[in-house]
Amino acid sequence: MSVSQLILAVLVVGSVCNAPRALGARELAGEDAVTDAAMAGRHEKWMAEHGRTYKDEAEKARRLEIFRANAKLVDSFNAAGKHSYRLATNKFADLTNEEFRASRTGLRMPESVAGARSGRFRYENFSLADAPQSLDWRKRGAVTGVKDQEDCGCCWAFSAVAAVEGLNKIRTGRLVSLSEQELVDCDVNGIDQGCDGGLMDDAFNFIAHRGGLASETTYPYRGADGSCRSSAAAKRAASIGGHEDVPRNNEAALMAAVAHQPVAVAVNGGGYAFQLYNGGVIDGHCGTDLDHAVTAVGYGTASDGTKYWVMKNSWGKSWGEHGYVRIRRGTRGEGVCGLAKMPSYPV
Ligand SMILES: *[C@@H]1O[C@H](CO)[C@@H](O)[C@H](O)[C@H]1NC(C)=O
């Protein structure tokens, strides 16, 4: 164990889940019956679209109230039209923000990010003049299909695995879908705690020390904590030597890294910008307290000149832009949603 890992291990304080604003069921006072009926109809339609059922009428009534609060937020946000992204009553529209954060995020933070970062950055001398104007690792065949962490706070495993899948493709020419479940089940002796959260750097270290990771096929995802299946885990499908951290709060450095490989990125994804995201470039309405993890798989510039990162998420294909989210690129400091605070990549 290195000194930096030791510091990291000592400083762990558990999940940080500070979203900018919490949604919840609200009072119905003052609303007329027509609006109520319309909202109930909208909820019914949404339930049919998403195949959602509830155990009884009381639960359905409770979910309708949550849906109502979220739908109103979506409508007023979109009507204001002040942002370069849109919200929608997507598949998370009947969850309170607390429920959403508890089940769909899952980044565990070291108390001191700066103290926990390792030194070497192999792309430090790379000139951005040599980087393409836009880049999409999906088009280069280095990104597997969008996955779904389901009701399990292991975003950290999906973020790390997508980065390893990308590097493996770049190094070997083969794109192999790798096992998040192996990390959930077997990487349990440090910060990483399966569905209770974890950290990508520790996942990279685990994979390096273990000598590789099994494939998704050999060790499939179950969406719940389980005991480590050593025989499945023994069949390594890809390996890495370790990881490096991108210098913090430095989007130019992040671009240098993403120009070479997909990069694991911690973000604030627990707020409504992510919960109810439909598409476009997120340019705000998220804090910078890190509680979620995604993988940067490209960057570009929209027709209106907005620069963005393309991030692979782990909430299924029906969320956002076919499972991806674009976030504004090129700001100073911590970046939109804190994306520049803690990126890292396998080597
Ligand atoms: C970057 O360049 C400096 C100066 O030439 C050199 O000392 C350093 O080792 C280089 N960094 C890497 C990662 O190659």
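Student: Which residue stands opposite Y324 in β12?

Tutor: The residue opposite Y324 is K312. Please keep in mind that this is a predicted model.

Student: Which strand pairs with β12 there, and in what sense, parallel or antiparallel?

Tutor: The partner is strand β11, residues 307-312, and the pairing with β12 is antiparallel, with five bridges.

Student: What about strand β9, how many bridges join that one to β12?

Tutor: Strand β9, residues 277-282, is joined to β12 by two bridges, and these two strands run parallel. V281, for instance, has R326 in β12 as its bridge partner.

Student: Is β12 largely enclosed or largely open, and why?

Tutor: Strand β12 covers residues 324-328, and four of its five residues are buried, so the rest of the structure largely encloses it.

Student: Turning to the cysteines, how many disulfides does a search of the whole structure find?

Tutor: The search finds three. Counting bonded cysteines along the chain, their pattern is 1-3, 2-4, 5-6.

Student: Which cysteine does C152 join?

Tutor: C152 is joined to C195, with an S to S distance of 2.1 Å. The pair links distant parts of the chain, 43 residues apart: C152 lies in the loop between β4 and α6, and C195 in the loop between α7 and α8.

Student: Is that disulfide left-handed or right-handed, and why?

Tutor: The torsion about the S-S bond of C152 and C195 is about -95 degrees, so this disulfide is left-handed.

Student: Are its two cysteines buried or exposed? C152 to start with, then C195.

Tutor: C152 has 1% relative accessibility and counts as buried. C195 counts as buried too, at 15% relative accessibility, because the cut-off for buried is under 20%.

Student: How accessible are they, buried or exposed? First C186, and then C228.

Tutor: C186 is buried, having a relative accessible area of 8%. C228 is partly exposed, with 31%.

Student: Which residue does C286 join, then?

Tutor: C286 is joined to C337, with an S to S distance of 2.1 Å. Here the torsion about the S-S bond is about -85 degrees, so the disulfide is left-handed. The two ends are 51 residues apart, with C286 in the loop between β9 and β10 and C337 in the loop between β12 and β13. Both C286 and C337 are buried.

Student: C154 is in no disulfide, so which cysteine sulfur is nearest to that of C154, and how far away?

Tutor: The nearest cysteine sulfur is that of C152, 3.3 Å away. C154 is buried, with a relative accessible area of 0%.

Student: What about C155, where is its nearest cysteine sulfur?

Tutor: C155 is also in no disulfide; the nearest cysteine sulfur belongs to C154 and is 7.4 Å away. C155 is buried, with a relative accessible area of 0%.

Student: Changing topic to the helices, how do the axes of α2 and α3 cross?

Tutor: Helix α2, residues 33-50, and helix α3, residues 57-80, have axes that come within 10 Å and cross at roughly 100 degrees. The two helices are therefore roughly perpendicular to each other.

Student: Which residues meet in that contact?

Tutor: On the α2 side they include D36, M39, H43 and W46, and on the α3 side K60, L64, F67 and R68 are among them. The residues of the contact of α2 with α3 divide into seven nonpolar, one polar and eight charged.

Student: Finally, the whole chain: how many helices and strands?

Tutor: The secondary structure comes to eleven helices and 13 strands.

Student: And what share of the residues is buried?

Tutor: Of the 347 residues of the chain, 55% count as buried. As for contacts with a separation of 6 or more, residues 24 or more positions apart account for 77% of them.

Methods
Residues are numbered from 1 along each chain as its sequence is written. This is a predicted model: local features need pLDDT of at least 70, side-chain atom pairs count only at pLDDT 80 or more; totals for chains, interfaces and linings use all residues. Side-chain values use heavy atoms; hydrogens and water are left out. Buried means under 20% relative accessible area, exposed over 50%, partly exposed in between (1.4 Å probe, protein chains only). Two strands pair if DSSP finds at least two bridges between them. Axes are lines fitted to C-alpha atoms, for helices over the stretch in contact, and angles run from 0 to 180 degrees between N-to-C directions. Angles under 35 degrees count as roughly parallel, over 145 as roughly antiparallel, 65 to 115 as roughly perpendicular and the rest as oblique. Contact means heavy atoms within 4.5 Å. Ala, Val, Leu, Ile, Met, Phe, Trp, Tyr, Cys and Pro count as nonpolar, Asp, Glu, Lys and Arg as charged, and the others, Gly among them, as polar. A disulfide is a pair of cysteine sulfur atoms within 2.5 Å.
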